[in-house]
Each structure stands twice: as structure tokens, then as C-alpha cells.
Amino acid sequence: MCTSVQCFILKTFIISKEVWTILFAAGMPWTKLPAVTPAQIVVARKIKKSFTGNLSAQVNSYPLFPGNEGNYLRAQIARITAATQISPLGFYHFEEEEEEQEEPIGRDTFVENIEFEPIPVKELADSMANWAHHVQHILPQGRCTWYNPAQKDEEELDEEELEDEIEHSEASIPEAGPPLLTPLSEDAEIGNMPAWSTHLSSNYFPQFAIALVKSNLWPGAYTVATGRKFENIYYGFGHKYSPENYSPPAAAALQGEYAADAEIAEVDDPTVEEELALKAAQQEAEEHAEEEEAEEEDEGEEGED
């Protein structure tokens, strides 16, 4: 996904978390990409920027992307991975305990099916129902699991505040996406075009051919499979396909003026006559106060005598 230089990306797993590293050329050191945040996912969906190959480069966009090109690259990798990592249907399955305890939409783990029987290559190339997603869908919130931002820690709230929080959180509609291991046949179309295209690697030697699946939503994403072996690969510019030309989102509406009330209402400036009258009243009050002080001093001296 680099335009100025050729780059290679490697994914590893550490403590059940995906770690991505990038290599720009053979012999150069691998560079670890930073972790992605929900805010970066949300903004990455709204912009379309070409990569320069400089991970520390600034991403000039509207809306403003919260990070540099390395963060943007990681956000795009997360989006591409969630949408295009697929496997033959039945190769992975849920554990029996999870099937009994959890709903399908709430599962986030699976295991390899050791009893999986390979699907014939011809059937893999003929039907999208023989393929399934094995990476969690990213919600519009930028997370794989919905988080209610209105819900606070119960220990920090009293009973009345807790009741208000519960009512407010119940009014919020949780976001939900397709569950894990959903067949590709259920993916939405792109206009009048299917989300995926399939064919055999060779029509001349079908006995040696492998099945190939191409993503039409993310050009450059491919999956090949034969028997129990399959592999996902992406080689592209990191841009999602859109039937319409990209247009930056419109600027946000201007904020309204602060509601005026008696405390902040503007008043007319005083006239010259009003200022003179005020000064005269202040001077008269000062003279009156001086006279009272003088009288009190005189009374005190007479009392001493």
C-alpha cells in the first residue's frame, strides 16, 4: 500500500492481539506499526488519501485525521482485514461450550475444525456460500464490540444518578454487525455488482487448478484455496471501491449563538448627561460621608472635655 516505495507487511500474533510490522525493502529492519484507535477508524472511513511511504508524514485531510501516516496505514489494514479475511466454510467453528452459552452475534473466538472435509475446488469457485468471514466486523463506532459511551461506572454514581444512567443507556441503540463465520453470500452488493468474484486459476488444467476469490469492495484483496490450504493476500493502494467519485464531506454547521439572558444582555452606553449626573451624585455622597465623619469627631472631643 505504498506508492513511492515497495513495501511488505507482516502480521504476527502476541497475546491474542494482532501486531503488524512493515518492511520497505529487503535487508532493511522491520518497523512495528502503532495500535489503532476507534477514532482513527471512524475518520479513515471518511477520507481518501494516497500513501507516500513515510510513516511519520502528516495526513492532511478533512475531517482531521488523529495521527500520522503510520496510524492511517494501520487503520486501513484493520478495515481491509475485517472485510477480506475469509476461509472455506466449515474450516473454523465455534467450540461446543460457546455454542451453548453465547449468542452467535456475541462470539469473538473460534477454533479450527479438525474434522473439516475439504470442499472441492470447483465448488469453491462456483458459490460464495462455501466461504465465510473469520475476522470480526468493525462497527460504525470503530470497535468490534459496541461500547455505550453514556454508561458510567456504577460505583461512582448514587442511586438517583444510577437510575438516570440506566434509562439513558437503555434508550441508546447498540450497534451490531454480521457475526463471525458469516457466509460471503450474505455480503451486500456494490450497486449492481457482487461483493466478490470467483474463478479457477486455470481452465485448461482444471485437475491442477486452485480456487481464487477476489474482493470487489477492496480491489487488491485475493484468497486462494485448495484442499485444507488457503491464504489471504492484499496488494493494492489501500482504498475502498466506491461506485461514485470521492467527495470530501461538507463542513459542519456553524455553532449557534449563546442564548442571551439578563446576566449577559448588552446595555446601551450612558449619555453625557447621565454620566455627569452619576458623578454629581457620587460627589454629593462623598461630601455627606465627610460631614458625618467630622460631626462624629467633634462629638468625641466634647465627650472627653
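Tyr204, Phe205 and Phe208 make up a nonpolar surface patch with about 470 Å² of accessible area together. Patch members have over 30% relative accessible area and no salt bridge; like charges are joined within 9 Å, and nonpolar side chains (Val, Leu, Ile, Met, Phe, Trp, Tyr) within 5 Å. Accessible areas follow the Shrake-Rupley method with a 1.4 Å probe, and for residues only the protein chains shown count as cover. This is a predicted model: local features need pLDDT of at least 70, side-chain atom pairs count only at pLDDT 80 or more, and totals for chains, interfaces and linings use all residues. Residues are numbered from 1 along each chain as its sequence is written, and side-chain values use heavy atoms, with hydrogens and water left out.

Tyr204 sits in the loop between strand E8 (196–200) and strand E9 (211–215). Helices (H or I, at least four residues) and strands (E, at least two) are DSSP runs, numbered from the N terminus. Tyr204 is exposed, at 75% relative accessible area. The classes are buried (under 20%), exposed (over 50%) and partly exposed in between, with a 1.4 Å probe and protein chains only. Phe208 is found in the loop between E8 and E9. Its relative accessibility is 64%, so Phe208 counts as exposed.

## Helix H4

Helix H4 (residues 121–126) holds both Lys122 and Asp126. Their side chains meet in a salt bridge, 2.8 Å from N to O. A salt bridge here is a side-chain nitrogen of Lys or Arg within 4 Å of a carboxyl oxygen of Asp or Glu. The two residues are four apart, about one turn of the helix. Lys122 is partly exposed at 48% relative accessibility. Asp126 is exposed at 54%.

Leu124 is also in H4. Leu124 is buried, with a relative accessible area of 1%. Its C-alpha lies 8.9 Å from that of Leu200, 76 residues away along the chain. The C-alpha atoms of Glu123 and Ala211 are separated by 8.7 Å, although the residues are 88 apart along the chain.

Strands E10 (residues 221–226) and E11 (residues 229–234) run antiparallel and are joined by six bridges. Strands pair if DSSP finds at least two bridges between them. Ala225 stands opposite Phe230 in E11. The two strands form a hairpin with two residues between them. Gly227, in the turn, has a positive phi of about 65 degrees.

Which residue does Arg228 meet in a salt bridge? The partner is Glu112, at 3.1 Å from N to O. The pair links distant parts of the chain, 116 residues apart: Glu112 is in strand E6 (residues 111–112), and Arg228 is in the loop between E10 and E11. Both ends are partly exposed, Glu112 at 43% relative accessibility and Arg228 at 33%. The salt bridge count comes to two.

## Second largest pocket

About 570 Å³ of space lies in the second largest pocket. Its lining has 24 residues; the closest to its centre are Ala82, Ala83, His137, Leu217 and Lys240. Helix H2 (residues 69–84) gives the largest share of the lining, three residues.

Pockets are found on a 1 Å grid over the protein atoms alone, as open sets with protein on both sides within 12 Å along at least five of seven lines; lining residues have an atom within 4 Å of a point. Grid points are joined across faces, edges and corners, and a volume is the space filled by probe spheres set on the points.

## Backbone exceptions

Most residues other than glycine have a negative phi, and most peptide bonds are trans. Tyr62 and Pro63 are joined by a cis peptide bond, with omega about 0 degrees. Pro63 lies in the loop between helix H1 (38–44) and H2.

Leu181 has a positive phi, near 60 degrees, and is not a glycine. Leu181 is located in the loop between helix H5 (159–171) and E8. Is Leu181 buried or exposed? Leu181 is buried, with a relative accessible area of 16%.

Note on methods
On a 1 Å grid over the protein atoms alone, a cavity is a set of points where a 1.4 Å probe fits but cannot get out, and a pocket is an open set with protein on both sides within 12 Å along at least five of seven lines; lining residues have an atom within 4 Å of a point.
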